[in-house]
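Hello,

Here is the structure I promised to pass on to you. Have a look at it first, and my notes follow below.

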Amino acid sequence: MAEIKRHDNRLGLWGWLGGGRWGIERYAYILHRLTGLGILLYFLMHVVVTSLRARGIYLWVEGGVFHQPMFKFGEFLVFAAFAYHALNGVRLVLVELGLAVGKPIEPVYPYKTSLGVQRPLLIAMMILAAILLAAGGYNFLSLAK
Amino acid sequence: MPAEINFHVTRYNPECDQAPYVKTYRVPVREGMTVLDGLHYIKDNLDSSLAWRYSCRMGVCGSCGMLLNGRATLACNTQILHIATTDLTVGPLPNFDIIRDLVPDLLTMFEKHVAVKPYIVRADEAELDDPAGEFYQSPEELGAYLQFTYCIKCGCCMAACPTLATDARYSGPMPLAAAQRYNADTRDDGRRARNQLTGSSHGAFRCHYAGECSRVCPKGVDPAKAIQYLKRQLVLDYLHLARRKKPCAKMHGPGQGKPLANITPAPAKTV
């Protein structure tokens, strides 16, 4: 039998970022991945910068590169990513242990899903993340003065 | 109400096209008209070469899964005027290869489905092949997996899953929900065999609860919920905290059961 030619329609990274009629959990998923990658990038930079000390280069001393406003803002972004990733991670641990998704139900139209069951937990975690961001932002601003 | 809707349909003919492209058709619509009706209008009146897959026209067979205005759903139970006012994009389900136009190649999904052993696994195989009795299962035990039995294998959840978009080897929502359906069945004893696959690096723990599978499921199966149950059981099994339960026992042979006193006997056979 002749092989049928097919077109690869896998979305790739566009599947994370591309447009669609999505729900809030999908955006939480994307932000969780992006913040995770951001924290990983920060960790790698951190290793490089601290290892430069072996060559006598101290980038973090008073008046050094890392005291520029751009890097201060970058530090705040790392803090924001950490706060979101940690709190959303707590939600995911609870959900993935089946503790916040409810019990199986008879699917009767209009269908209800576990997304609605865990939504209050998501909202609570986002409120906590917002409080942490506000407190962290105030702290960063007061240190910058 | 608009008299006509622009259908922006993805076209692809493997014999002459290098890549898919979008062709627009103007379709007159009336209230209650489904996207499937619109595609039939195009095929009958505008372009007979358009290909898609469908069968039952009533949301039962799961053949007509498509991407409608960016959302994976069934064309037969989606009314045009519920999702479009002037324009409607109609594309094949993503994360599957396109065979032609709106026809996805679902083979990868079915291969992953077969891999999770979506059937009752028991030591007494002879009983399964040649049943000589009934297994006892209470309504509560049935309720633990009934929701996950309504899956029609349309592939909408697989198309909506962002993890599957970047990891082709990920089992995906449909096969994992099927695994949970059988794991939760008290007649089954195949959970530990399924754990080899569902607990692998491309198994249940690749799911991070984006929830799109549950949101797009046209039958309310809630695959995301099933996958979370699967993960909990995998953790318990890994930590040796799961209770070892034998699958439910056979009660009696056909016709050997004792009827309840308050049930009216069946009428006598007439043939």
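Which residue of chain A forms a salt bridge with K231(B)? The partner is E96(A), and the closest N and O atoms of the pair are 3.3 Å apart. (A salt bridge here is a side-chain nitrogen of Lys or Arg within 4 Å of a carboxyl oxygen of Asp or Glu.) Between chain B and chain A the count is three salt bridges.

Before you read on, please note that this is a predicted model, in which local features need pLDDT of at least 70 and side-chain atom pairs count only at pLDDT 80 or more, while totals for chains, interfaces and linings use all residues. Residues are numbered from 1 along each chain as its sequence is written, chains are lettered from A and ligands numbered from 1 in the order in which they are written, and side-chain values use heavy atoms, with hydrogens and water left out.

Now the interface. Chain B brings 55 residues to the contact and chain A brings 41 residues, where contact means heavy atoms within 4.5 Å. The two chains bury about 3900 Å² between them, 52% of it on carbon and sulfur atoms; buried area is the accessible area (1.4 Å probe) that two parts lose on being put together, summed over both. On the chain B side, H208(B), Y209(B) and R215(B) lose the most area to chain A, together 16% of what that side buries.

There are also 23 residue pairs in polar contact across the interface, both residues at pLDDT 80 or more. (A polar contact is a pair of N or O atoms within 3.5 Å; within protein, one must be able to donate a hydrogen and the other to accept it, and residues adjacent in sequence count only if both atoms are side-chain atoms.) Of the side of chain B that touches chain A, the largest share, six residues, comes from α11(B). Helices (H or I, at least four residues) and strands (E, at least two) are DSSP runs, numbered from the N terminus.

The peptide bond from Y109(A) to P110(A) is cis, with omega near -5°, and P110(A) sits in the loop between α3 (69-96) and α4 (114-144) of chain A. In chain B, R57(B) is a residue other than glycine with a positive phi, near 65°; its place is the loop between α1 (35-46) and β3 (65-68).

Best wishes
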